[in-house]
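The sequence and structure come first.

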Amino acid sequence: MAWFKHRPWPLSLALLLVIGSGDPVEANRLTSWNYDGQRKILSVHADEEFSPQVRLIGSPTRLIVDLPGIKLGRLKTKRPVSLHHVKEVRSGQFNSQTTRLVVELNSGYGLDPKQIQVRATTRQKWSIQLPGPEPQKYLPDRPVDVAVPRVLPNFMSGGTIGGVLKAGDEMRWLTQRLAALHSQYAVVDPSVFVLNLNNGDYADLQGGAPFPAASVIKLPILIAYLQDLDAGKVSLDETLVMRPELVASGSGYMQDLPDWSRFSARYTLTQMIETSDNTATNMIIHRLGGPAYLNRRFQSWGLKDTQIRNWLPDLSGTNTVSSHDLATVLTKVVKGNLLSSQGRQRALYILKLTQTRSLLVPGIGRGASIAHKTGDIGFALGDAGIVFMPGGQDYVISVLLRRPYNDPRGRDYVQRVSKTVYAYFKGLNR
């Protein structure tokens, strides 16, 4: 690890994976769709979780299926139909982050909206069963929403978040509002997950997609150290040595001190969060047994996408997290027994020291506070934490995104998301 110090780090972009057609794989792409005219079934499959929005409109009758957060890519936009009552089945990019599929009937034919059945094999695979079109019946004169069954995100498959909080209902208005907000910031590719810590209600926008972690990876590392502290495996008063191979460029000032400097674990742990010191982070990773050991620990907590693949600084974004994972670990901290009561208080105290306050913090109003961790490696940005509201409607919020390198619209988007979510929860307190 001696290459940490004074090594020039290239600012490389994430590698593009290639499939048989030669097209790059997008993290939120529609992988296939099909209309079976004989069985009257429209099926859709994406490579990330989504929840469709289905409605029926008239003149002529059209079944509209919107897929928020899903991009069409280069799939065919029309499919041949040899049925006299169906004029056309097509797909298109409704806006920058929503794919729309349309089953258009011939003039004079309608569908009974009560007989349209929306089913989910998983949150990535959905099918819409149409009834038999009927001439001169069920011709809607206004849009009619079709019921979509509640299907929990994959990480809530047991009906809970982190095994400690029962999953509530999706806050559909908030999810739709976040999707609409994203349409104003098409330059960013985001992941947002919001969780009401009182009742388990949630809003989800690509929350299950793995994203470059940047310094947000320091949040679960902090929890791992405090868990070992509870178990008596480490101490805050022990001395950690700044070995030359652990010295890292980027954020923090410890890199400028002489090699072999000695610090208390308490100080090192605090610097990892407060100033996001990369050298301090490597010292904590080393003390806990290295990346492989921590990755196994993260898996034991139920985290699916949190992986340390590189020591800090990880400027190429190989270390990953997901908004679902961050919500899981934070929920387990405040609602479960991942940490002792003292460990929980210590974790929240340290996370409230985070100095970077340009992302989620500007969206939070007076009287509220946040315990959080930010991250920024130029092309990827993130902030995740717990917001404590004066009225008691506390919530977890995680926003991760990719953006053009250092584009300020990424920061603006996170601030707008934070403001929107805060306003929603402030309304719940009334």
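## Helix H3

In helix H3 (residues 265-274), the buried residues are Ala265, Thr268, Leu269, Thr270, Gln271, Met272 and Ile273. Buried means under 20% relative accessible area, exposed over 50%, and partly exposed in between (1.4 Å probe, protein chains only). Helices (H or I, at least four residues) and strands (E, at least two) are DSSP runs, numbered from the N terminus. Because seven of the ten residues of H3 are buried, H3 is largely enclosed by the rest of the structure. The cover over these buried residues includes H2, S18, S19, H4, H7 and strand S21 (369-376). After H3 comes Ser276, with a positive phi near 55 degrees.

The model is predicted: local features need pLDDT of at least 70, side-chain atom pairs count only at pLDDT 80 or more, and totals for chains, interfaces and linings use all residues. Residues are numbered from 1 along each chain as its sequence is written, and side-chain values use heavy atoms, with hydrogens and water left out.

## Helix H4

Eight of the ten residues of H4 are buried, so H4 too is largely enclosed by the rest of the structure. The buried residues of H4 are Asn278, Thr279, Ala280, Thr281, Asn282, Met283, Ile284 and Ile285. Among the elements that cover them are H2, strand S18 (239-241), strand S19 (262-264), helix H3 (265-274) and H5.

Thr281 belongs to helix H4. Its relative accessibility is 0%, so Thr281 counts as buried. Leaving out residues up to four places away in sequence, Thr281 touches Lys218, Ile221, Met272 and Leu312; contact here means heavy atoms within 4.5 Å.

## Nonpolar cores

A nonpolar core is a set of buried Ala, Val, Leu, Ile, Met, Phe, Trp, Tyr and Cys residues joined through side-chain atoms within 4.5 Å. In soluble globular proteins, nonpolar side chains tend to be buried together. The largest core in this model has 63 residues, and Ile221, Leu222, Ile223 and Leu269 have the most contacts inside it. Helix H2 (residues 218-230) contributes the most to this core, with eight residues. A separate core of 30 residues includes Tyr185, Ile397, Leu401 and Val417.

Which residues does Leu269 contact, leaving aside its neighbours within four places in sequence? They are Leu222, Tyr225, Leu226, Leu236, Ile284 and Ile350.

Two packed helices are described by the angle between their axes and the distance between the axes. Axes are lines fitted to C-alpha atoms, for helices over the stretch in contact, and angles run from 0 to 180 degrees between N-to-C directions. H2 packs against helix H4 (residues 278-287) at an angle of about 45 degrees, with the axes 11 Å apart. H2 and H4 are therefore oblique to each other; angles under 35 degrees count as roughly parallel, over 145 as roughly antiparallel, 65 to 115 as roughly perpendicular and the rest as oblique. The crossing of H2 and H4 is left-handed, meaning that the near helix is turned anticlockwise from the far one by less than a right angle, whereas clockwise is right-handed. From H2, Lys218, Ile221 and Tyr225 meet Asn278, Thr281, Ile284, Ile285 and Arg287 of H4. This contact has four nonpolar, two polar and two charged residues; Ala, Val, Leu, Ile, Met, Phe, Trp, Tyr, Cys and Pro count as nonpolar, Asp, Glu, Lys and Arg as charged, and the others, Gly among them, as polar.

With helix H7 (residues 341-351), H2 makes an angle of about 150 degrees, and the axes are 10 Å apart. That makes H2 roughly antiparallel to H7. H2 and H7 cross in a right-handed sense. On the H2 side, Leu219, Leu222, Ile223, Leu226, Leu229 and Asp230 meet Gly343, Arg346, Ala347, Ile350 and Leu351 of H7. By class, the residues of this contact are eight nonpolar, one polar and two charged.

## Backbone features in loops

The peptide bond from Ser59 to Pro60 is cis, with omega near -10 degrees. Pro60 sits in the loop between strand S3 (53-57) and strand S4 (62-68). Leu312 and Pro313 are also joined by a cis peptide bond, with omega about 0 degrees, and Pro313 is in the loop between helix H5 (291-300) and strand S20 (320-321).

Lys40, a residue other than glycine, has a positive phi near 60 degrees. Lys40 is placed in the loop between strand S1 (30-36) and strand S2 (41-46), and counts as partly exposed at 22% relative accessibility. Tyr138 has a positive phi near 55 degrees and lies in the loop between strand S11 (134-135) and strand S12 (144-146). At 33% relative accessibility, Tyr138 counts as partly exposed.
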